[in-house]
There are 2 protein chains.
Amino acid sequence: MSTPSSLASGPEGPHALRPLLDTVLDALSEGARVRGGPLPSGGPEAVAVRLRDAIGDVLPDQGDPDALHDIVRALAEGAADPSDPFCAAHLHCPPLALATAADLAASALNPSLDSWDQAPGASELEGLVTEALAAEVFGTAASRSTPPPKAPAAPNATAAPSAPSALITTGGTESNQLALLLAREAHGADVRLVHGANAHHSLPRAAWLLGLPEPVVVPAPAGALDPAALGEALTSCAAQRLRRGSAQPGALVVAATAGTTDAGLIDPLPEIAALCAAHGARLHVDAAYGGALLFSDRYRDRLTGLDAADTVTLDLHKLGWQPVAAGLLAVRDPHDLAVLHHRADYLNAEDDTEAGLPDLLGRSLRTSRRPDVLKIAVTLKALGRTGLGRLVEQVCDHAREFAALVHDHPGFELYAPPTISTVLFRPAHTGDAAVAAVRRRLLTEGRAVLGRARIDGRLWLKATLLNPHTRPDDLAALLKLVEGNTPR
Amino acid sequence: MSTPSSLASGPEGPHALRPLLDTVLDALSEGARVRGGPLPSGGPEAVAVRLRDAIGDVLPDQGDPDALHDIVRALAEGAADPSDPFCAAHLHCPPLALATAADLAASALNPSLDSWDQAPGASELEGLVTEALAAEVFGTAASRSTPPPKAPAAPNATAAPSAPSALITTGGTESNQLALLLAREAHGADVRLVHGANAHHSLPRAAWLLGLPEPVVVPAPAGALDPAALGEALTSCAAQRLRRGSAQPGALVVAATAGTTDAGLIDPLPEIAALCAAHGARLHVDAAYGGALLFSDRYRDRLTGLDAADTVTLDLHKLGWQPVAAGLLAVRDPHDLAVLHHRADYLNAEDDTEAGLPDLLGRSLRTSRRPDVLKIAVTLKALGRTGLGRLVEQVCDHAREFAALVHDHPGFELYAPPTISTVLFRPAHTGDAAVAAVRRRLLTEGRAVLGRARIDGRLWLKATLLNPHTRPDDLAALLKLVEGNTPR
């Protein structure tokens with residue numbers, strides 16, 4: 001039994017939720033059936049009109065008993081479904097049913113990770129999972145290959161004080177912001193960001209947000225950061241600063257990328273790390289996309305050099321099959337996090353902390369905070385490193401298969417063999433306008449969601465393959481669809 | 001049928017989810033039964049040990065088929081359950097089952113609100129709901145009391161360009177950050193924040209984050225901002241700046257609070273708005289807690305003056321029964337939002353925008369973004385203004401009942417009659433150490449979650465009543481529990 005004011009937790013919570021979850025599942029099925037493809041057809045205005053008609057007044061005076069069904073159905077009808085093999089534009093993954101089901105428990109229990117007395121268990125779970133993921137990135141004293149069977153993970157309290165750590169974020173963007181904030185607090189507000197033109201847009205945006213100087217952008221015409229160009233930029237920054245009369249060359253933070261948004265490329269991390277060491281620059285690696293290669297025995301070595309970074313962005317709602325949000329910032333030296341310490345008497349009064357209540361406020365810039373760690377924890381444990389690695393390898397294999405189809409097709413041009421699971425391609429003998437037009441036509445007709453990327457001065461179609469269940473037939477059909485809809 | 005790699009959306013999604021949701025509901029019930037109270041007993045270390053033992057290795061090499069059940073059960077066993085009447089410390093509400101069920105659909109479909117082609121329907125829904133909530137705060141040309149029956153809400157495209165707007169955030173903290181960012185971009189990086197000592201800690205933290213000058217803190221010994229003290233501070237800021245030789249007095253942004261975290265007080269908004277107008281200061285109101293009084297005919301007039309603000313923080317995961325996150329920043333002049341405009345070729349290329357694809361990047365500082373609007377939309381429509389107003393009135397009534405019990409009890413002292421749903425009280429004839437101790441004892445024994453607040457130089461126990469289903473008996477029993485556990 002459920003009334004509009006029934007609560008999700010407490011002894012009656014599961015009983016109240018059960019019929020409502022049935023309503024949601026039915027509405028999801030209906031909406032998907034009506035949509036009938038990877039996204040709704042008709043383009044933005046038609047989709048908006050249908051949604052508005054289905055929903056009506058969003059804040060009526062009197063309640064509407066069909067609201068849950070009608071709104072979920074409308075949302076499903078209006079969704080771009082990332083589990084459709086033809087929905088392959090962005091780092092927008094189809095979430096695992098397991099992770100999604102776990103996320104329901106986060107909503108129902110509603111722990112908030114800003115104080116222990118709102119999240120006694122969730123705060124401990126977050127500590128365990130972030131420690132384990134930081135260890136994946138940076139390693140630990142204990143060898144990963146010989147875990148004591150069935151032993152519990154190391155408790156926070158007894159972990160070496162210098163063990164790497166990680167914070168949970170709303171995604172790569174917040175992780176990149178935090179990485180720059182840590183750099184600012186370590187080196188002062190004149191610390192300068194140096195990033196490739198291939199870096200994620202959130203990095204210069206974070207510099208703006210934090211009031212840092214205008215970043216130095218290193219050209220990356222081929223889509224990855226070129227160590228020679230980076231070296232010149234670092235040398236030139238130091239020289240400029242000294243010419244201006246500074247006694248010191250000024251702090252720099254270099255941002256490299258492991259898995260670019262456009263082409264899925266990995267910057268040459270060992271060379272970049274060596275340059276940073278030589279120039280005394282801090283190193284941040286945005287591995288929002290590529291970080292999950294760590295789970296795969298076949299691909300892990302593409303991330304060699306990652307452990308030399310000071311901070312690393314991970315994002316398991318990309319290559320990790322989590323619903324948004326599932327970001328992390330891994331931090332090699334946990335002392336860097338001390339600058340986030342923050343006191344609010346109602347959440348972490350000094351006498352409470354002294355009496356042993358854990359102080360959680362320094363784990364985020366947010367205050368109320370949903371336990372996004374829950375779905376991540378369930379996924380890591382349910383699949384294990386082997387299961388996750390297999391999913392990573394499946395989507396990388398799909399990219400290779402799709403690239404081979406493109407390569408062998410006389411009507412298409414392939415940008416390059418894929419590094420992770422992104423394939424850039426374009427119809428041969430056409431201009432950029434035709435590339436943009438075929439993508440928009442497929443979008444408007446509700447037939448496929450493809451991305452776009454400008455590299456080397458030309459516009460490419462982008463297929464970001466993140467669905468482990470895509471079949472070879474789907475890939476061939478997708479290419480055929482593009483072929484048949486390219487304006488000539 | 002569900003395997004560890006089954007996906008949540010697509011035609012098979014609902015079938016894969018159904019058995020997993022049963023597992024989650026069962027695990028929630030079991031965990032709550034084992035917990036047997038508002039929070040787990042034994043204190044932080046004991047809770048942590050039980051959780052670690054239940055979970056074991058968080059990243060095993062091979063997957064564990066019981067992971068979903070075991071981890072959800074452990075989390076439920078280790079939760080502070082906000083739907084327990086004795087869990088009343090924080091602005092940590094018990095979520096509605098309806099909102100929680102809707103949130104499942106957000107996780108399953110996984111729309112991401114950074115580009116139209118990841119969220120065709122969700123982006124339109126977000127536009128409708130934010131417009132409606134901004135209109136609740138600031139009013140619109142159309143009278144709220146005579147909506148055209150059954151007419152669809154005004155589409156974004158045809159809304160007056162100066163209609164108030166709102167952004168969805170992760171909570172009051174992000175809303176406050178954004179409000180200060182808008183002030184910085186409108187007035188320059190030397191804009192100075194002036195806030196009461198009663199303001200939320202996220203406001204000075206946001207000033208630090210954004211590189212603004214040290215804020216001016218106006219004393220608020222009685223828990224609310226005193227207009228006379230604010231007037232003096234504004235006059236003194238201007239004088240200081242002019243003495244330092246500035247041609248201009250420098251921009252100020254005043255932050256007032258409608259629903260303080262400590263006492264649930266509402267600053268005198270009309271007087272503060274008049275002072276801001278007189279001094280040419282920008283006004284931000286943090287109504288994270290109190291904003292939902294707008295839904296109640298009985299309480300709406302406590303927010304008189306709110307519509308004079310430039311920006312208003314709302315947060316429906318406080319007085320709004322949403323799972324975290326459900327924050328908003330309402331903005332009176334939507335042109336203020338233009339500074340958030342941001343271009344990333346893969347998400348909002350110029351030719352796509354010209355061709356009519358909506359540009360979503362300027363709606364947030366995040367990039368990937370979960371549709372938290374869905375649960376809000378379902379709640380607004382399922383309950384209507386009347387239903388939400390009734391819930392608001394229920395918890396405010398509980399606070400009055402609890403305050404009366406305290407007032408009539410010779411063993412307790414009441415701070416003041418409640419303004420919203422927060423009651424500050426303390427055992428009579430004891431010191432602050434005893435107040436802190438009884439709270440920690442109840443926490444450690446798993447018997448009650450009460451908050452604390454320091455006002456007027458004394459420490460108080462805080463009951464934040466947010467559960468509409470709490471009964472008078474529960475309130476009496478809670479008071480009795482405190483009485484019986486206060487050290488003498």
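**Strand 10, chain B**

I started with the side chains of strand 10 of chain B: B:Thr422, B:Leu424 and B:Arg426 point one way, B:Val423, B:Phe425 and B:Pro427 the other way, and all are buried. This is a predicted model, so I read everything below as computed from it. With six of its six residues (422–427) buried, strand 10 of chain B is largely enclosed by the rest of the structure.

Next I looked up its partners. Strand 9 (residues 412–414) of chain B pairs with strand 10 of chain B in the antiparallel sense, over three bridges. I noted one residue pair there: B:Glu413 has B:Arg426 as its bridge partner. Strand 12 (residues 458–464) of chain B also pairs antiparallel with strand 10 of chain B, this time over four bridges. There I picked out B:Phe425, whose bridge partner in strand 12 of chain B is B:Leu461.

**The sheet, chain A**

I have an open sheet of five strands, in the order 1-11-12-10-9, and the pairing is mixed. Which strands stand at the edges? They are strand 1 (87–88) and strand 9 (412–414) of chain A; each has a single partner strand, so one side of each is left without a neighbour in the sheet.

Further in, I checked strand 11 (residues 449–455) and strand 12 (residues 458–464) of chain A, which pair in the antiparallel sense over five bridges. One of the pairs I wrote down is A:Ile455 with A:Arg458 of strand 12. I then asked what packs on the sheet, and found helix 12 (residues 373–408) of chain A, which touches strand 9, strand 10 and strand 12 of chain A. The direction of helix 12 makes about 15° with that of strand 10 of chain A.

I went back to chain B for helix 4 (residues 97–109). Is it covered or uncovered? Mostly covered: 13 of its 13 residues are buried. I also checked its length: 13 residues at 1.5 Å a residue should span 18 Å, and the end C-alpha atoms are 19 Å apart, which agrees.

How do helix 4 and helix 12 of chain B cross? Their axes come within 8 Å and cross at roughly 145°, and the crossing is right-handed.

**A:Ala119**

I looked up A:Ala119 and found it in the loop between helix 4 (97–109) and helix 5 (120–138) of chain A. A:Ala119 is buried, at a relative accessible area of 1%. Leaving aside neighbours within four places in sequence, I see A:Ala119 in contact with A:Pro111, A:Ser112 and A:Leu113. I also took a distance to A:Val218, 99 residues away along the chain: the two C-alpha atoms are separated by 44 Å.

**The two copies**

Last, I superposed chain A on chain B: the rotation is 180° with 0.0 Å of shift along its axis, and the RMSD is 0.0 Å. That is the relation of a two-fold axis. In chain A, the C-alpha nearest the axis belongs to A:Leu210, 2.5 Å from it. I noted too that the same surface serves both copies, since 99% of the contact residues of chain A recur in chain B.

Notes: Residues numbered from 1 in each chain as written. Chains lettered and ligands numbered in written order. Predicted model: local features only at pLDDT ≥ 70, side-chain atom pairs only at ≥ 80, totals over all residues. Heavy atoms only, no water. Pairing = 2+ DSSP bridges. Helix = DSSP H or I, 4+ residues; strand = E, 2+ residues; numbered from the N terminus. Contact = heavy atoms within 4.5 Å. Axes fitted to C-alpha atoms, helices over the stretch in contact; angles between N-to-C directions. Least-squares fit on C-alpha atoms with pLDDT ≥ 70 in both. Buried < 20%, exposed > 50% of the residue type's maximum accessible area, 1.4 Å probe, protein only. Expected span 1.5 Å × (residues − 1). Left-handed = near helix turned anticlockwise from the far one by under 90°.
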